[in-house]
Amino acid sequence: MVTGSHRSGSTWAGKSLALAPNTGYIHEPFNISTKVSVNPNPFDNWFQYICEENSDSFIEVIRRVIHYEYPLASNLAGAKTAGMMARIVKGQGLSWLYRIRNDTAVVKDPIAVFSADWLSKTYDMNVLVMIRHPAAFCSSLKIKNWRFDFNHFLNQPLLMDRYLAGFDNDIREFARNEKDVIDQAILLWNCIHHTIRVYQQDHPHWLFVKHEELSINPVEQFRSIYKKFDLEFTSKAQSTILRSSGANNPAEQQAGNEFVRNSKVNVSNWKKRLRKDEIERVMEKTHEISNRFYDAREW
């Protein structure tokens with residue numbers, strides 16, 4: 001499983017790992033906005049938290065996902081465009097192929113970050129957790145204007161008790177009164193990366209990779225990840241990773257081709273996207289957690 005914070009390069013990492021022979025890529029079963037989904041029963045909440053106490057409601061759904069039991073009927077029922085039909089046909093075809101070959105699933109889903117502990121234990125998953133600089137994360141949500149309804153956390157008392165109790169007052173305030181996108185991103189970053197710190201302590205055998213490290217030296221970093229997960233790092237994988245991250249690619253994301261860019265330059269794009277006062281706000285309000293991942297030189 002590839003998880004961590006969203007906007008952390010998890011799609012790049014997941015698709016790059018799925019270049020290994022005998023793997024099949026599964027995209028975001030926890031994403032509740034996906035119109036064509038691998039999940040036959042989309043969840044009610046963003047960042048659905050699954051644990052032993054509530055797993056009876058979810059275990060069969062996730063089993064079907066990771067065994068490539070594609071929900072053809074439910075996707076067809078919701079298909080409204082030719083583009084959606086094409087995605088359904090492709091999804092069904094790939095699922096058949098992965099099952100025939102008995103491929104190992106590569107589940108990419110940052111929205112599953114709070115359920116990573118249960119997923120790992122229940123399905124014996126290797127886990128890669130992606131981490132990203134708070135200013136880069138905030139700048140990415142700013143340019144996307146991705147806002148978040150914090151009631152999705154409050155709707156999940158088990159999640160609040162397990163990982164987010166320390167943020168209870170802030171989460172309740174943000175749920176009552178919508179804040180600007182930077183403040184929302186700051187709180188989201190803190191919630192997610194606090195949880196990642198817990199994982200680092202509880203699961204030292206998991207792999208934790210900073211987006212910046214992967215971006216600066218993608219080939220060697222991916223080679224190391226492949227080795228850790230006992231995957232074959234082929235020449236095809238290497239050349240594809242180079243093409244997706246090389247210096248000839250644009251520095252900023254391009255519409256329709258978001259995952260091809262100059263990865264080294266992309267590391268510092270947040271310095272242009274955020275105003276000075278926004279950077280200072282992010283630094284101040286994430287410091288307690290961010291200093292466990294990033295030092296002063298990285299600001």
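User: Which residues lie nearest the centre of the largest pocket, and how many residues line this pocket?

Analyst: This is a predicted model. In it, 32 residues line the largest pocket. Tyr25, His27, Lys90, Leu94 and Tyr98 lie nearest its centre. The pocket has a volume of about 890 Å³.

User: Which helix gives the largest share of the lining of the largest pocket?

Analyst: Helix H4 does, with eight residues. H4 covers residues 82-101. H1, strand S2 (23-27) and H2 also supply at least two residues each. By kind, the lining divides into 15 nonpolar, nine polar and eight charged residues.

User: Why is Lys108 called buried?

Analyst: Buried means under 20% relative accessible area. Lys108 has 2%, so Lys108 is buried. Lys108 sits in strand S3, residues 104-108.

User: What makes the pair Lys108 and Thr11 a polar contact?

Analyst: The cut-off is 3.5 Å between N or O atoms. The side chains of Lys108 and Thr11 are joined at 2.6 Å. That value is within the cut-off, so the pair counts as a polar contact.

User: Which other residues is Lys108 in contact with, leaving aside neighbours within four places in sequence?

Analyst: Among them are Val2, Ser10, Gly14, Tyr25, Ile26, His27, Glu28 and Pro29. Ser10, Thr11 and Gly14 are also buried residues of helix H1.

User: How do you know that helix H1 is mostly covered?

Analyst: Seven of the eight residues in H1 (residues 10-17) are buried. They are Ser10, Thr11, Trp12, Ala13, Gly14, Ser16 and Leu17.

User: Why is Glu212 called buried?

Analyst: The relative accessible area of Glu212 is 9%. The limit is under 20%, so Glu212 is buried. Glu212 belongs to helix H11, residues 211-216.

User: How far apart are Glu212 and Arg132, in sequence and in space?

Analyst: They are 80 residues apart in sequence. From C-alpha to C-alpha, the distance is 7.0 Å. Glu212 is in contact with Arg132, and also with Ile131, His133, Val267 and Tyr294, leaving aside neighbours within four places in sequence.

User: Which backbone atom of His133 lies 3.0 Å from a polar atom of the Glu212 side chain?

Analyst: The backbone nitrogen of His133 does.

User: How many cavities of 30 Å³ or more does a search of the whole structure find?

Analyst: The search finds one. The largest cavity has a volume of about 50 Å³.

User: What makes a space a cavity rather than a pocket?

Analyst: In a cavity the probe fits but cannot get out, whereas a pocket is an open set.

User: What kinds of residues make up the lining of the largest cavity?

Analyst: Ten are nonpolar, none polar and none charged. The lining residues are Met1, Pro29, Phe30, Ile62, Val65, Ile66, Val107, Ala112, Leu119 and Met125. Helix H2 (residues 59-66) gives the largest share, three residues.

User: Which members of the largest nonpolar core touch the most other members?

Analyst: Phe114, Leu128, Phe153 and Leu164 do, in a core of 86 residues. Helix H10 (residues 181-202) gives the most to this core, with twelve residues.

User: Which residues is Phe153 in contact with, leaving aside its neighbours within four places in sequence?

Analyst: Phe153 is in contact with Phe47, Phe114, Phe148, Leu159, Met160, Leu164, Ile171, Leu188 and Cys191. Two of these, Phe114 and Leu164, are also named among the core members that touch the most others.

Note on methods: Residues numbered from 1 in each chain as written. Predicted model: local features only at pLDDT ≥ 70, side-chain atom pairs only at ≥ 80, totals over all residues. Heavy atoms only, no water. Core = buried A, V, L, I, M, F, W, Y, C linked by side-chain atoms within 4.5 Å. Buried < 20%, exposed > 50% of the residue type's maximum accessible area, 1.4 Å probe, protein only. Helix = DSSP H or I, 4+ residues; strand = E, 2+ residues; numbered from the N terminus. Contact = heavy atoms within 4.5 Å. Polar contact = N/O pair within 3.5 Å; in protein donor to acceptor, adjacent residues only side chain to side chain. 1 Å grid on protein atoms, 1.4 Å probe; cavity = no way out; pocket = protein on both sides within 12 Å on 5 of 7 lines; lining within 4 Å. Points joined across faces, edges and corners; volume = space filled by probe spheres on them. Nonpolar A, V, L, I, M, F, W, Y, C, P; charged D, E, K, R; others polar.
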